[in-house]
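Please read the following briefing alongside the sequence and the coordinates.

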Amino acid sequence: MKTITISLNGREVSGPSGTTILDLASQVGIHIPTLCHHPFLKSVGACRVCLVEDLKTGRVLASCVTPISEGMEIRTDSPAAVTARRGVLELILSDHPSACVVCSKGNDCVLRDLAKDHGMCDPELDPLRRWRPTQEVNPFIVRDLSKCVMCGRCIRVCTDFEAVGAIDYMDRGFDSHPGTAYGPALDGSECTFCGSCVALCPTDALAERDRITTSSGKDLAAGVCSYCGTGCHVQYELVDGRVVGARGLQAAPMNSISLCVRGRYGQDALLSSHRLTSPMIRRADGALNKAPWDNALKELATRLQEIKQRHGPESIGVIAGPQCANEDLYLAVRFARSVLGTPNVDTTSKFSSRPVSDGIAAALKTTVAGATLESISDAETIVLVGARPDYTHPVVARNVRRAVRKRGAALIQLDMLRTTLSDFATLQFREDVEQQTWTLFQIMRELVATRRYDEEFLTNNVMAAEDFLSSLLGHPRAQLPGPEVKQAAQLLSKGRKSVFLIGPVVARATHGYMLTRLVADLAFLCGRPDSLFFLHEGCNEVGTLEIGCGPNGLPGCASSYDSAVLEKLRSVWGSDVTADRGMDAMGMIRGAEKRTIKALLFLGVDPLTVLPDTERTQKALEGVDLVVRTGMFAAPDREVAHMVFPAAALTETDGTYINLEGRVQRVAKLCNPPGEARPHARFLLDLSGTLGNPLGFLTARQIFEEIQSLSPSLGQVSWDEAARPGGVRLKQGNSASDTQNTGNEKTRYVPYPAPAIFPSRPRPPRDLPLKVFPEEQTVHPGDGVMSGMSRRLARFAKGESVRMHPDDAEAIKALDGRRVALVSEVGEAQAVLRVDPDAPRGGIVVPVGGPSYLLQRLLPWPEEYCPLDWDRLFVSVTPVEDQ
Amino acid sequence: MTQDFQLSALKNILNRFEPSRNTLIPLLQEVQAEFGYIPPAAIRPVAQRVGIFPSEVSGVITFYAQFYTTPRGRNIVRVCRGTACHVRGARTVLQTVERFTGLKDGQTSEDMRFTLETVACLGACALSPVMIANKTYYGKVNPGRIEAVLRNLK
């Protein structure tokens with residue numbers, strides 16, 4: 001590229017052609033004031049504050065949009081430039097309220113800064129003010145258009161950066177303002193309430209609503225968001241040791257300055273008045289009473305020892321949640337397998353991930369995606385299989401939208417439901433999981449038949465590639481492909497940058513494993529196994545896999561039968577290790593029902609929010625001698641535990657977490673937990689100490705170092721580097737499930753031959769005619785416990801509703817907005833009905849998770865050793881008569 | 001029924017234009033010619049066709065005075081309020097039209113018979129005071145003539 005030299009404030013400086021004056025100036029350390037400019041956004045020269053003078057021509061130029069040209073003689077401080085700039089500021093200030101003293105933007109205001117730097121106060125111009133009332137329409141954002149300077153940062157970040165495009169300039173001249181397509185309110189527009197517009201607003205025109213303090217948080221501390229598996233880096237704003245706000249960070253690779261509605265506005269849950277602050281013990285009369293830690297621990301230890309002596313250690317089970325840090329999970333395993341001596345240790349993350357993580361481990365021999373989430377923004381074709389990142393992982397959805405809008409990528413959606421991403425889709429297969437297996441097969445067959453697949457990759461890297469190909473081509477049920485399959489195959493041709501996202505819908509399906517393997521096969525055919533992502537829901541779900549927190553895993557390996565690992569564990573733990581295959585989480589609940597499990601310890605799990613068939617589970621748990629749970633929040637209406645211990649949040653303890661692309665991120669303690677709440681790890685350490693078995697850890701780092709000595713993948717992660725934004729990525733081929741890797745590159749990838757018979761859609765039983773289509777909610781991710789405690793998110797959710805197609809609703813004479821009763825094989829639940837032409841026929845769309853856990857009440861227990869099966873959930877729906 | 005009919009008419013228009021953002025304004029003009037205004041329900045399909053966000057389409061519609069998002073009357077009466085017309089009695093012209101139609105500037109009658117608008121200058125100052133009804137110019141008007149013109153518009 002051509003280099004151009006100009007004179008800038010008397011200095012000779014040069015840069016490649018196309019560089020703007022402003023960029024060049026900032027590179028050489030010359031400051032030019034700006035207002036509408038933002039390094040992440042395309043410059044538009046809206047505000048004219050960055051004016052500079054070209055002495056050669058005498059022209060005054062907006063430096064943010066003027067590229068350098070040969071022979072320019074730019075002065076940033078010439079009288080003409082300064083006068084012009086002051087004039088611009090004067091005009092902006094003339095219709096801006098002089099209310100800085102009471103403005104909550106305070107010292108963060110860019111306009112006030114500029115006025116101060118230029119020694120300007122009240123404008124001399126006759127003010128032409130636009131007095132407009134402040135607008136508080138939604139729970140998250142306050143808008144005061146009288147403070148708007150029309151810089152367009154909000155519009156650009158919405159359109160270009162988030163690729164949502166909810167707002168643009170409306171009207172003309174003095175009346176122009178940022179607005180939505182259909183009216184003033186963001187509700188009902190495409191807005192996702194990511195809050196990036198608020199974060200970038202230079203004045204107080206857009207502000208966060210219901211902050212607990214009006215001051216801007218001066219202390220910023222780095223942390224991770226705990227709402228989903230994306231693991232966004234968050235800068236927490238602290239005031240007096242309390243989290244009052246959350247911001248993104250440019251340097252963070254997975255989210256940059258973006259956060260989602262949960263990450264930005266849902267952190268108010270940390271200050272909820274429902275936080276547990278002291279241990280609680282259930283007394284004989286059934287009431288939960290506060291107790292000091294020491295007494296509670298002593299009582300727990302005594303009761304655990306009693307149960308162990310009387311019924312043996314196998315009668316005790318430990319179940320951890322996917323929000324626990326690696327250190328918590330590791331201690332849970334060590335506590336169970338060495339202190340208690342029980343193999344029954346598991347996580348609830350299995351409920352939302354098992355078939356898929358098993359499938360990925362079998363096909364790719366890894367738990368960790370090879371590519372980064374950023375690479376999705378550069379993709380040319382994106383395939384969503386049961387993935388609804390717009391609801392489950394909004395920051396990943398941003399990358400998808402960006403690829404489609406900015407790069408012209410094709411989006412292929414395989415999903416029974418229409419989601420907000422459907423508007424961006426090139427092709428949509430609105431199909432059940434069963435039909436999706438067939439569609440994927442047809443696409444693959446078409447790819448092979450038209451020789452559009454990556455032959456070289458297949459022969460070099462995939463085991464038994466010939467057999468796999470012939471299982472596609474020689475399939476007895478092969479049909480002529482339809483136009484959509486043909487188009488899909490074209491979009492996935494070799495050489496295109498394709499990305500595959502598998503979502504939690506697949507993990508909850510009967511044929512989730514098969515579907516996962518078929519998606520992996522498709523990725524092999526495209527030569528892009530690295531670009532296969534599973535959207536883990538829990539913020540440390542990958543950690544549960546890496547740590548081996550499961551009934552048949554051990555830290556550092558995938559199988560509890562590996563004798564070398566056992567030997568090592570014995571020497572590190574200095575005790576015997578119970579290496580038997582234990583019960584999984586559902587197995588323990590079954591055990592509780594059969595009265596073989598006598599004590600259950602839930603770490604960061606509120607059992608009735610994740611376990612199926614609330615009624616049966618509750619009955620099973622009521623028969624257990626001792627149920628203990630640690631958690632952040634009180635839940636009096638669904639409390640089944642005999643003892644509840646208050647837990648610290650992610651921001652209140654040291655710990656490491658692994659996101660869905662395998663980034664190990666360390667969070668240092670930012671603030672104190674409320675009351676006497678302690679981290680899960682501390683609870684386990686204190687409990688082992690009380691049991692007469694002190695484990696000797698003082699810090700999270702010591703625990704992490706012990707994990708490192710056992711786990712080859714985490715062993716390479718530096719404690720210090722893990723605290724950087726984005727942390728340290730686990731290397732592929734090194735993670736826990738890779739121990740089965742033979743080392744032969746050729747056999748690394750294992751294809752799944754096309755099944756001879758494809759699964760068919762299950763038939764509804766006669767008395768339960770409607771199939772349930774679970775739909776994740778943006779505001780209540782995962783178990784929805786923490787989000788349910790966020791006042792703003794709860795207010796935004798506006799109560800739960802189920803959706804039905806007008807034809808189905810008419811058939812049962814149900815009306816929009818009225819309550820309906822859903823009856824399944826095992827339970828009953830009520831909710832408000834929305835009649836929606838977008839809902840699939842023959843079914844009912846039911847929200848996943850909180851606040852009323854409708855699905856948990858309807859869902860039967862799965863078959864033994866099977867994952868939760870949401871595909872076989874049928875209900876009958878009847879309108880509820882008004883009382 | 002009307003909704004379905006409108007949708008198919010809209011689809012016909014959309015299909016006549018290239019899927020490019022350059023065609024946005026001619027496309028909107030065509031939509032307005034078909035329906036008399038731009039139905040809000042058309043914003044999303046138009047945006048999808050030309051490959052931009054609905055808000056961007058709305059931004060363009062609200063920017064230009066030529067686009068309307070509410071239905072307009074069968075007869076559009078524009079009264080000039082330019083300087084030349086003003087000195088020759090444009091106020092009386094406007095009052096006469098207002099009285100006859102019962103409308104204020106920018107309003108449309110409930111029976112959809114009239115839409116009344118004022119214009120800064122029609123460029124026909126030699127004929128002032130001027131009024132336009134639909135596409136016909138009426139120069140040097142007086143109240144009696146105005147009422148005669150309006151009575152004939154059904």
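Helices (H or I, at least four residues) and strands (E, at least two) are DSSP runs, numbered from the N terminus. This is a predicted model, in which local features need pLDDT of at least 70 and side-chain atom pairs count only at pLDDT 80 or more, while totals for chains, interfaces and linings use all residues. Residues are numbered from 1 along each chain as its sequence is written, and chains are lettered from A and ligands numbered from 1 in the order in which they are written. The model scores ipTM 0.86 and pTM 0.91.

**An exposed proline in chain A**

- Pro16(A) is found in strand E2 of chain A, which covers residues 11-16.
- A residue is buried if 20 or more other C-beta atoms lie within 10 Å of its own, exposed if 12 or fewer, and partly exposed in between, with C-beta atoms placed from the backbone; Pro16(A) counts as exposed because it has 12 C-beta neighbours inside 10 Å.
- Apart from its neighbours within four places in sequence, Pro16(A) is in contact with Met1(A), Lys2(A) and Thr3(A), where contact means that the C-beta atoms of two residues, placed from the backbone, lie within 7 Å.
- Between the C-alpha atoms of Pro16(A) and Ala797(A), which are 781 residues apart along the chain, the separation is 50 Å.

- In strand E23 (residues 626-631) of chain A, five of the six residues are buried.
- Strand E22 (residues 599-603) of chain A runs parallel to E23(A) and is joined to it by five bridges, two strands being paired if DSSP finds at least two bridges between them.
- On the E24 side, E23(A) pairs with strand E24 (residues 643-646) of chain A in the parallel sense over four bridges.
- Thr630(A) of E23(A) stands opposite Leu603(A), and Thr630(A) also stands opposite Phe645(A) in E24(A).
- Beyond four places in sequence, the contacts of Ile844(A) include Leu770(A), Phe773(A), Met804(A) and Val877(A).

- Chain B has seven helices and four strands, and its C-alpha trace spans about 50 × 35 × 20 Å along the principal axes.
- Of the 154 residues in chain B, 29% are buried.
- The contact between the chains takes twelve residues from chain A and eleven residues from chain B, and strand E7 (residues 167-170) of chain A gives the largest share of the chain A side, four residues.

**Backbone geometry to inspect**

- Most residues other than glycine have a negative phi, and most peptide bonds are trans.
- The peptide bond from Ser128(B) to Pro129(B) is cis, with omega near -5°, and Pro129(B) lies in the loop between strand E2 (114-119) and strand E3 (131-133) of chain B.
- Lys365(A), which is not a glycine, has a positive phi of about 55°, and Lys365(A) counts as buried because it has 21 C-beta neighbours inside 10 Å.
- Asn134(B), also not a glycine, has a positive phi of about 55°, whereas its 10 C-beta neighbours inside 10 Å are why Asn134(B) counts as exposed.
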